[in-house]
Amino acid sequence: MKTLKKVIWIQLLSLELLVSGCYSDFNDPAREELATDADFETIVPIRNVKQLFYDVYGKGSGGVGKGIVVEKDWVIKGKVISSDATGNIYRTMYIQDESGAIELKLGISGIYNEYKVGQIVYVKVQNLLLGSYRYMLSLGAASTDSDYSNGYMDVRAYINAHVFKGEMVGMTNADTLVVNSPSELNDDALGRLVRINGLTSYFGEYDRDKYPSFLEVLYQEVGEPLYNNYSYVDAIADWKAYRENPTEIAKPTAPDPGEDVTVPTYAYSNNGNKYYGIACFELAGKYYLVRTSGYSRFALDPLPAHGKKVNITAIYTKYSSRSGSFIKYQLVLNNVNDMIVVD
């Protein structure tokens with residue numbers, strides 16, 4: 001009898017431990033296994049991967065629109081510095097290390113939920129396509145669009161084979177390149193997170209375009225769509241004319257009657273029509289453009305008025321015509337709060 005009681009007691013104890021273990025696992029599920037340096041053989045600086053492209057095409061206009069398949073069995077390790085949480089950055093992610101930065105064309109939405117700002121990411125670059133779009137290098141898949149040298153990875157299995165989440169280390173002051181003069185900034189910083197201090201908001205003409213402006217799509221009867229910078233000043237004139245005579249066509253589509261059209265906004269969003277907005281800022285004779293998506297949550301927020309001094313924290317990018325001419329330097333905001341009016 002004593003033996004039977006002992007057996008029953010042991011079984012009850014085992015059951016209790018089992019239930020306790022299950023309860024513990026339910027309340028504290030297994031954490032996602034994160035990658036570390038030890039998981040990879042050859043980790044190289046981001047600069048080394050970008051150099052593979054420059055070794056073939058150089059850094060001039062000859063590389064615009066070109067791409068190469070990376071053959072090196074390398075891994076890059078970078079920190080996530082971009083977020084698509086506000087809708088201004090879409091289906092893409094920027095990472096940087098001490099040597100530089102690069103764009104990853106993931107092709108998925110809600111990236112900020114999965115790859116958080118300040119998180120380490122490892123990328124197996126072998127067989128990815130390293131391409132240049134208007135001077136900006138990115139890593140992606142093969143493209144089916146002749147306008148782009150590479151495309152989005154898109155497929156989850158493809159992403160998982162190349163992109164691996166590491167630990168969350170957070171952002172530090174050292175992660176932002178602080179710039180007080182244009183001389184402190186060059187193309188080595190493309191793709192990096194920068195803070196440019198002392199910029200002046202500029203409403204006017206620069207390089208034959210008027211700012212602030214919208215990037216308007218002009219469709220041809222035959223062929224590919226064309227794009228045109230449509231100045232806010234001209235848009236206001238058209239909108240006012242449209243309200244006086246609604247039979248006239250306003251470009252972009254006229255806003256609702258109660259909407260204030262006299263204050264320039266970051267971008268344009270109305271009645272399903274969404275256009276990029278482009279604002280201009282000047283520092284010591286150098287002009288920088290802030291380009292904002294019409295899908296961003298702050299598209300209709302008012303821009304800092306002409307003459308206002310601002311500090312801007314953003315992703316530093318470069319843009320040109322298809323031929324590589326008419327170069328502009330653009331700042332891409334993660335959040336409208338990264339535009340700070342200081343005077």
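Over the ring of which residue does the charged end of Arg91 sit? The ring is that of Tyr152, and the charged end of Arg91 lies 4.3 Å from its centre. The model is predicted, with local features requiring pLDDT of at least 70 and side-chain atom pairs counting only at pLDDT 80 or more, while totals for chains, interfaces and linings use all residues. Residues are numbered from 1 along each chain as its sequence is written, and side-chain values use heavy atoms, with hydrogens and water left out.

**View 1. Charges over the ring of Tyr152.** A charge sits over a ring if NZ of Lys or CZ of Arg is within 6 Å of the ring centre and within 35 degrees of the ring normal. Besides Arg91, at 4.3 Å from the ring centre of Tyr152, Lys105 places its charged end over the ring of Tyr152, at 5.4 Å from the centre.

**View 2. The second largest pocket and its lining.** A pocket is an open set of points on a 1 Å grid over the protein atoms alone, where a 1.4 Å probe fits, with protein on both sides within 12 Å along at least five of seven lines; lining residues have an atom within 4 Å of a point. The volume, the space filled by probe spheres set on the points, is about 400 Å³ for the second largest pocket. Of its 24 lining residues, Lys50, Tyr54, Lys59, Asp187 and Asp188 lie nearest the centre. Helix H2 (residues 46–57) contributes the most to this lining, with five residues; helices (H or I, at least four residues) and strands (E, at least two) are DSSP runs, numbered from the N terminus. The lining comprises eight nonpolar, seven polar and nine charged residues, where Ala, Val, Leu, Ile, Met, Phe, Trp, Tyr, Cys and Pro count as nonpolar, Asp, Glu, Lys and Arg as charged, and the others, Gly among them, as polar.

**View 3. The salt bridge between Lys318 and Asp187.** The structure holds 10 salt bridges, each a side-chain nitrogen of Lys or Arg within 4 Å of a carboxyl oxygen of Asp or Glu. Lys318 and Asp187 meet at 2.7 Å, N to O. The pair links distant parts of the chain, 131 residues apart: Lys318 in strand E19, and Asp187 in the loop between strand E10 (177–179) and strand E11 (193–202). Lys318 is buried at 7% relative accessible area, whereas Asp187 is partly exposed at 31% (buried is under 20%, exposed over 50%, partly exposed in between, with a 1.4 Å probe and protein chains only).

**View 4. The salt bridge between Lys77 and Asp37.** The closest N and O atoms of Lys77 and Asp37 are 3.1 Å apart. Lys77 lies in strand E3 (residues 75–80) and Asp37 in the loop between helix H1 (2–27) and strand E1 (43–44), so the pair ties together parts 40 residues apart in sequence. Lys77 is partly exposed, at 28%, and Asp37 is partly exposed, at 38%.

**View 5. The aromatic pair of Tyr133 and Tyr148.** The structure contains 14 aromatic pairs, in which rings of Phe, Tyr and Trp (its six-membered ring) have centres within 6.5 Å; planes under 30 degrees apart count as stacked, over 60 as edge-to-face and the rest as tilted. The ring centres of Tyr133 and Tyr148 are 4.9 Å apart and the planes lie at 25 degrees, so this pair is stacked.
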